[in-house]
Amino acid sequence: MENTPARPPSARLDSYVDRYAARTAGMTASEIRALFAVASRPEVVSLAGGMPNISGLPLDVVGGAISDLIAQQGPVAMQYGSGQGVPELREQITDVMRLEGIEAHPDDVVVTVGSQQAVDLVTRVFCDPGDVVICEAPSYVGALGVFKSYQCDVVHAEMDADGLVPEALRQAIASVKAAGKTIKFLYTIPNFHNPAGVTLSAERRTEILAICRSEGVLVLEDNPYGLLGFDREPMRALRADEADNVIYLGSFSKTFAPGFRVGWALAPHPVREKLVLAQESATLCPPQFSQMAVSAYLANHDWQGQIKQFREMYRERRDAMVSSLADLMPASCQWNIPSGGFYVWLTLPPGIDAKGMLPRAVTARVAYVPGTAFYADGFGSSHMRLSFCYPTPERIREGVRRLAGVLEAEMELRATFGPAVPVRQVGPQGYDGPSTDLS
């Protein structure tokens with residue numbers, strides 16, 4: 001048998017493919033990013049992206065603060081800075097976290113380029129290829145992308161209406177240890193979860209911390225939505241009750257503006273040192289100008305009052321979403337009613353594949369994110385994430401109307417011809433996402 005000649009490098013789509021590091025195999029575009037080009041078209045109602053709505057932000061106040069910053073501290077703001085972040089901003093960050101019961105020292109805060117970079121730095125510091133990260137099922141697509149890029153193995157643990165299920169966490173830890181693998185941390189979004197919209201109950205917070213403490217599992221608490229609850233004051237953070245075994249991540253993207261790309265990590269002192277070194281090797285320092293602009297905003301504006309306005313605006317949009325779903329969606333659909341944040345998690349009728357239906361939805365000028373984007377193992381096909389944060393209530397209702405029409409047509413086709421391909425309906429250990437009977 002003759003050997004097939006090697007394809008000449010010039011004929012390849014990527015002539016560098018043989019030179020890349022093995023880790024680049026884990027660098028793939030998320031399903032959300034792949035939707036951006038379509039979802040950004042004005043004729044499409046996007047219920048896909050979690051883009052904050054900054055229409056209520058007082059741009060005159062922000063502009064004035066930036067103008068004063070340039071006039072008074074321009075040479076400093078436009079210079080290199082510390083790898084740990086501006087001291088004044090780190091002090092203000094401790095004031096923000098105090099709203100969730102966290103008492104911390106500014107020296108243990110590391111400013112990052114959004115909390116997304118904080119996830120990356122923590123993973124870089126802790127994880128070797130083949131290490132395990134335990135994540136809720138489903139979990140934030142951006143974090144899953146980071147873990148994959150560092151060649152980590154993700155093990156999912158079940159959620160329900162009260163958030164991460166403690167027994168599911170115990171089982172996940174036991175199964176990983178039985179396989180002889182190393183767990184580096186639990187990644188959790190306890191408040192107004194992305195994408196599931198659920199919130200970890202106060203009782204479970206205590207139990208989850210106890211499990212992780214006894215099993216020697218670090219907790220990575222990602223909390224970008226914690227101040228955006230609709231019906232109550234912020235819940236006490238995990239970090240507020242466990243300083244030594246929790247790394248807390250926060251962000252100004254949801255409570256101020258994402259364009260500044262300012263987030264942070266609060267970590268135990270030894271970990272803080274490693275995060276600063278990782279930050280310095282990645283970016284040298286987080287952008288000084290962005291940090292000082294956020295600091296000026298916090299110092300000169302009623303930022304807590306602004307967050308209250310955001311909460312009211314997002315509550316109105318949440319109400320528009322759930323009422324539209326109740327009015328327009330087929331009765332066999334189910335969804336949760338989130339008490340904060342940006343997202344509704346919807347379960348489709350049996351046999352309907354959210355990813356397979358997406359091209360027809362885009363043709364009908366509405367976009368969503370299929371549930372498969374939020375699992376590391378390909379499950380979630382019977383779910384979709386709907387975002388209510390950015391469109392107006394009127395656009396939300398129109399988007400749901402279009403989506404309902406697509407779904408009804410899909411159900412009619414399936415009733416007539418049956419499913420085109422086998423639909424994977426059941427996830428690991430019989431689980432495919434949190435219960436949608438969450439109202």
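Colleague: To begin, where is the place of arginine 239?

Modeller: Arginine 239 is in helix α8. Please keep in mind that this is a predicted model.

Colleague: Is arginine 239 buried or exposed?

Modeller: Arginine 239 has a relative accessible area of 8%. Buried means under 20%, so arginine 239 counts as buried.

Colleague: Which residues is arginine 239 in contact with, leaving aside its neighbours within four places in sequence?

Modeller: Arginine 239 is then in contact with Ile102, Glu103, Ala104, Glu221, Val246, Tyr248 and Leu266. As for distances, the C-alpha atoms of arginine 239 and leucine 249 are separated by 9.7 Å, and these two residues are 10 places apart along the chain.

Colleague: Now asparagine 223. Where is asparagine 223 found?

Modeller: Asparagine 223 lies in the loop between β7 (218-222) and α8 (238-241). With a relative accessible area of 4%, asparagine 223 is buried.

Colleague: What does asparagine 223 touch, not counting residues up to four places away in sequence?

Modeller: Asparagine 223 touches Glu100, Asn191, Tyr248 and Leu249.

Colleague: Let us turn to the helices. At what angle do α2 and α10 pack?

Modeller: Helix α2 (residues 59-77) and helix α10 (residues 288-300) pack at about 130°, and their axes are 9 Å apart. That angle makes α2 oblique to α10. The crossing of the two is right-handed.

Colleague: Which residues make the contact?

Modeller: From α2 come Val62, Ala65, Ile66, Leu69, Ile70, Gln73, Val76 and Ala77, while α10 brings Gln288, Phe289, Met292, Ala293, Ala296 and Tyr297. By class, the contact of α2 with α10 has 12 nonpolar residues, 2 polar ones and no charged ones.

Colleague: And how far apart are the axes of α4 and α5?

Modeller: The axes of α4 (residues 114-126) and α5 (residues 141-149) are 10 Å apart, and the angle between these helices is about 30°.

Colleague: Why is α4 called roughly parallel to α5?

Modeller: Angles under 35 degrees count as roughly parallel, so the angle of about 30° places α4 and α5 in that class. The crossing of α4 and α5 is right-handed. In the contact, Gln116, Val119, Asp120 and Thr123 of α4 meet Gly142, Ala143, Val146 and Phe147 of α5. That contact has 4 nonpolar, 3 polar and 1 charged residues.

Colleague: One last topic: how many aromatic pairs does the structure hold?

Modeller: The structure holds 12 aromatic pairs. One of them joins phenylalanine 342 and tyrosine 343, edge-to-face, with 6.0 Å from centre to centre and 65° between the planes. Phenylalanine 342 is buried at 0% relative accessibility, and tyrosine 343 is buried at 3%.

Colleague: Why is the pair of tryptophan 345 and phenylalanine 374 edge-to-face?

Modeller: Their planes are at 75°, and planes over 60 degrees apart count as edge-to-face, so the pair belongs to that class. The ring centres are 5.9 Å apart. This pair links distant parts of the chain, 29 residues apart: tryptophan 345 is in strand β11 (residues 343-347), and phenylalanine 374 is in the loop between β13 (369-370) and β14 (383-387). Tryptophan 345 is buried at 1% relative accessibility, and phenylalanine 374 is buried at 0%.

Colleague: Which residues do ring pairs link into a cluster?

Modeller: The cluster consists of Tyr225, Phe310, Tyr314, Phe342 and Tyr343.

Conventions: Residues numbered from 1 in each chain as written. Predicted model: local features only at pLDDT ≥ 70, side-chain atom pairs only at ≥ 80, totals over all residues. Heavy atoms only, no water. Phe/Tyr/Trp six-rings, centres within 6.5 Å; stacked < 30°, edge-to-face > 60°. Buried < 20%, exposed > 50% of the residue type's maximum accessible area, 1.4 Å probe, protein only. Helix = DSSP H or I, 4+ residues; strand = E, 2+ residues; numbered from the N terminus. Axes fitted to C-alpha atoms, helices over the stretch in contact; angles between N-to-C directions. Parallel < 35°, antiparallel > 145°, perpendicular 65-115°, else oblique. Left-handed = near helix turned anticlockwise from the far one by under 90°. Contact = heavy atoms within 4.5 Å. Nonpolar A, V, L, I, M, F, W, Y, C, P; charged D, E, K, R; others polar.
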